[in-house]
Number of protein chains: 2
Amino acid sequence: MRDQAPENMPYFFNPGSIAILGASINPEKPGGRPLTALRERGYAGRVYPVNPRHGEIAGLKCYPSILEIPSAVDMAIIAVPSAFVPQAMRQCGEKGVKAVVVFSSGFAEMGSQGAALQEQVTRIARQKGVRILGPNCLGLINLKNGVMASFAGIVDAEPVTPRTLGFVTQSGVFGATIYLQALEKGVGFSSFVSVGNEADLEFADFVSHLLDDSETRVVGGYLEGARDGAKLRSVAAKALSMQKPLLIMKVGRSRAGSRAASSHTGSLAGDDQVYDAFFRQMGIIRIESLNDLTSFVTVFRSGRRPAGKNVAILSGSGGAGVVMTDKCESLGLNVPELQGATRRLLEQYLPPFASSANPVDLTARAETDPALVGNCLRALAGDDDIHTVIVNVFLADRLAPQITRDVIDFYRSTDKTVVMIAWVARAAKEVPACLDRIREAGIPLLADGQEAVRAIAALAWYQDKVTGPPVAEPESFSPAPEAKDLLAVPKPLTEYQAKRVLAAYGVPVTREGLAGSREEAVALARRIGYPVVLKVQSPQIAHKTEAGGVRLGLVDDDQVRAAYGEIVENARKHAPGAAIHGVLVQEMIDGGVEVIIGMTRDPVFGPVLMFGLGGIFVEALRDVSFRVAPLSRRDAEEMIKEIKGHRVLEGMRGLPPVDFEALTDVILKVSRLVTDHAIQELDVNPLVVSPRGAVVVDALLVKAEC
Amino acid sequence: MRDQAPENMPYFFNPGSIAILGASINPEKPGGRPLTALRERGYAGRVYPVNPRHGEIAGLKCYPSILEIPSAVDMAIIAVPSAFVPQAMRQCGEKGVKAVVVFSSGFAEMGSQGAALQEQVTRIARQKGVRILGPNCLGLINLKNGVMASFAGIVDAEPVTPRTLGFVTQSGVFGATIYLQALEKGVGFSSFVSVGNEADLEFADFVSHLLDDSETRVVGGYLEGARDGAKLRSVAAKALSMQKPLLIMKVGRSRAGSRAASSHTGSLAGDDQVYDAFFRQMGIIRIESLNDLTSFVTVFRSGRRPAGKNVAILSGSGGAGVVMTDKCESLGLNVPELQGATRRLLEQYLPPFASSANPVDLTARAETDPALVGNCLRALAGDDDIHTVIVNVFLADRLAPQITRDVIDFYRSTDKTVVMIAWVARAAKEVPACLDRIREAGIPLLADGQEAVRAIAALAWYQDKVTGPPVAEPESFSPAPEAKDLLAVPKPLTEYQAKRVLAAYGVPVTREGLAGSREEAVALARRIGYPVVLKVQSPQIAHKTEAGGVRLGLVDDDQVRAAYGEIVENARKHAPGAAIHGVLVQEMIDGGVEVIIGMTRDPVFGPVLMFGLGGIFVEALRDVSFRVAPLSRRDAEEMIKEIKGHRVLEGMRGLPPVDFEALTDVILKVSRLVTDHAIQELDVNPLVVSPRGAVVVDALLVKAEC
């Protein structure tokens, strides 16, 4: 079921009336600024200043208390010192206010005393059915109806249309800077929300609401850390199903504390790795800079989506064409050589020495022949192999009007994605009006070629995410009832127990058995077939090799008998008090590629799966990929392809590729296992994959402390 | 010896007189624009228009031919159609002109006919001792003395001071765009040179000259491909020794044709990999975008150089501080937690809930307390652990003057690198003058925090390159006379021969000998000690394993005898006509890490060395590093550290690290070998390195075709 935004949301974004507690006569103060801004931006509802020290502010009657306002109040802004906020909140509740924006600081951001005060305020609100934005926030604005519930400088900035971007930020000041700078670059906002301490409503709640807003075509955000990973996932899934792009700047990479963990997976899954994987999994476009935000929004809001990754570049400068081509190829876009009719047409218009291969170099003729750009565009129109066209031209007064007409005509005649990069002479007179016409036609217009390519690459990736196999739909297969009993042991699981749990989920494991004596070991070895491996099994011995508890490549009964004795003796010496369950007799697996499938529990997202090649690849190169459980088949396939060493799986040195379906199946079954049960850490290491299938050779499973 | 710029260079940049062949009365035309521009920018020398159709242009006497000009002419600009250029060049030569700028197009860029014409013009110039810039170029300008020998729009742009950047470009239009956009961002140029077809003087020549110019503190460039790698290397070494940064945008990555090659090294060394390695080796800062160019120049031209990689960040926005910290850490800079006295001082000035740890969050107090920034800066002044300070503040009218004074005072009181990022309210009145004062004080001022961090990281890297062990000084060791004889064989070398060449250079190889019979093989095996390896040796069999020509792990005489017979028989079947030199009997090497040292011949840079871990690391991950030979010890050490898998060498799973000195020595000796002799390709694969040293186990050597 699609994520639902909290039900009080309309009272934040479209209140019929607003009270301001702590209203001020000084329009520069938090309690004064919204009063001016609401009027200037044409808010049509009722506004009630509340302050016992004034009878009237800015021509409006001022009430000593919210309780004395004669009519109903939908939204309240609280701009009083923190110590008075509990009382203000109580009165809002009594008045039946549905939505409260708390500007005041002095709460959880100030240490434990502030946190207690915040807790108190939240408790009051919850009792009264009031929802809170903040505290310690810049508030929110809705440009559509002039709801200026903010004291930040953003309320003074002249709005820009079309209002396509809804924005939610966890940093007030930085968010406001983003707002102002994006506005200057021509990005129009529908709403802006600063969530502050998120005492009640959080980042994901507002994103969910903005997705429902019809005017908002793109939702952006600045995120330091999600409070509830599952909620963010559900909101991201909603965004994908609505095909509304989420562009989020996630920061705090370097803060990722390395967690103490006994598994590889735990030590490799830094916060940022997990967020990055989660974004990729859920189709969230990760914004790296403010430049990204403005260029991505400009390209995404056009609504055009490329049918593939092929780009044609028309460039008035050969050098700029090469720079963009480099950037395209480094980001996974293709700049294919143009062929056939397209090529022949281009050759008609271009000088004989020009490159018509792609990037198309318009040469100096672009500065003398105003029809050249239009002719070349028409040549590209019929080429179905081209999905995106970049037009990079120098606009001088004499040429600009015709080029503008031709680009707009081309844009209307095609469903290809089109991005225009215009270099403008500083003294140009005709050009500004031309640029306006291009923008009004809905054509993304940018100043920098490399930024344009980054945006196009993000759009192509997003389009693939939207149109490809479903994201986040776990595969269903029949449950495995015995796994629960297998997990119901008091101590940490041994390898043998862990493998039985995996087997109960249908994951293929090595043929093996647990021997309690030399002769049982020999009998098992004969049944399995030589050569075999012997490994001591004890809940207290996690690292069997270090304990001298492993013998490989045993080829006959005598070797098994001798190894059994040595292993048990070594284990007793190594861990005198350990309970030894016996010795695992296991078939010896030869050949194939060793991979790891691991799982760790992230504090925000819960179970996270890791995949990588075994041994030195993981340890030396950290060449691993992550996904948040549960995984869809697509997720599993993507995480296999994502590692740099995937070529090893595709068959090196004349070997055939491994059985990818078997590998994908194991990942999906592990995903199901860690979703069904409270598991803290799991390392399937190694899983040996070969052209003939996959088999678990060793596994470590740590249950969650319940 | 330091690279010397060609001796005619002063005639290009500081001519006493300029003739314009093909002078035009139309100031928009290539032959007209320089006339206006020379006057407007105050060129003090004599200017002679040359055109038989006019008696006077723009108030200057116009000559029918350059030969009729009564005085000497230092520089000529040729702006006539290409067919007339040979004659014009001849006349320039007769007149004794030293420097000719050829605007005209219609040469090598137009195909083979044009190339022949260009060849003719160049030959004439060479005979007469004339040096050429161009043809097919936008010319050059020198802002210091108004030499406007260009017809590009850049001559009309109002220059910016200080004139710190000298710029050389292989793309005219793109270079001009870079010039204009950088100017708008406040970057002042000393000179700008568009090199066009480089018929005579090339990119590196002009860079060399600009390095000698005292006003030019930073040299920038746009490079598609160097004509002469050795010259570029020598110019880069000159730049390093002068400590003048070279900032070069190199494009054409995706054009790297994959070369047909029999060695790993050859197939992995794409053009761009080699350029990238060369830049890193020679301390050239690679520019990725126009934003980089302007921000890097702004930071580099200050002349401050950080003593290390530690950065303190003072930020008016917590979010922006986190974003910059992330960027610092992703680029190898540290943002260490502040300690001791620094921390205690900061805590005095900041609110109790603020972070004084680093990044320092100035909190909302930054917007009310104008002394806060100054106080915090003074707290940092005494902290020797901090090498660079980033000040990121919002400048409002009320606060700006004091913050400006404090930042300037701090800058003058310290030798730390300081970068200021200012966010400015759009309506601010006082602020622009404050920003000017900051710029005038020499403090790098940027608008974007992430770009600032990129520039600081580049500066720290550059400073390390300048102050660390010498770059590009090959180690000297005694020559190896027998290598020449060993290489003087008519056919491709066998492994045994290749290893003897390496051994002659002091590279340790496996103990081994060439056997011509079963019994010789047995005798050799006994002398070497079992187990041994047998490998067939034939110049015609490059892939011995595929030919069935290798047997490993032979433990006694009988096995050696049997293997000898099989190997020879297999080889005869596999390659019936091959000359079999015998069978190599080689000690079997156990343990250690396999690495590859390879060499390929780059068309621009000559011999290029490659280093990587062996086997699957190179094949699946392409995790390799390159350096252009000859290598210094520092180069060899850096190329070892550069691969992602270097952790494997440092000792995984409790193993001790390998003998890095032995490994470095082998690389240096291979570098010397490929510098001394004409070798086309070399793969030392594998070299086995262990804590006890390094030994070559197999090698492929292909001589260059002479």
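Trainee: In this predicted model, which residues are buried in helix α13 (residues 372-381) of chain B?

Mentor: A residue counts as buried here if 20 or more other C-beta atoms lie within 10 Å of its own. In helix α13 of chain B, the residues that are buried are Leu372(B), Val373(B), Cys376(B), Leu377(B), Ala379(B) and Leu380(B).

Trainee: Which element gives the most to the side of chain A that touches chain B?

Mentor: The contact takes 41 residues from chain A and 41 residues from chain B. On the side of chain A, the elements that give two or more residues are α5 (172-184), α11 (318-330), α21 (616-621) and α23 (646-649). With nine residues, the element that gives the most to this side is α11(A).

Trainee: What kind of axis relates chain A to chain B?

Mentor: Chain A can be laid on chain B with an RMSD of 0.1 Å, by a turn of 180° together with a shift of 0.1 Å along the axis. That is the relation of a two-fold axis.

Trainee: Which residue of chain A has the C-alpha nearest the axis?

Mentor: The C-alpha in question lies 4.3 Å from the axis, and in chain A it belongs to Phe617(A).

Technical notes. Residues are numbered from 1 along each chain as its sequence is written. Chains are lettered from A and ligands numbered from 1 in the order in which they are written. This is a predicted model: local features need pLDDT of at least 70, side-chain atom pairs count only at pLDDT 80 or more; totals for chains, interfaces and linings use all residues. Two residues are in contact if their C-beta atoms, placed from the backbone, lie within 7 Å. Helices (H or I, at least four residues) and strands (E, at least two) are DSSP runs, numbered from the N terminus. A residue is buried if 20 or more other C-beta atoms lie within 10 Å of its own, exposed if 12 or fewer, and partly exposed in between; C-beta atoms are placed from the backbone. Copies are superposed by least squares on the C-alpha atoms of residues with pLDDT of at least 70 in both.
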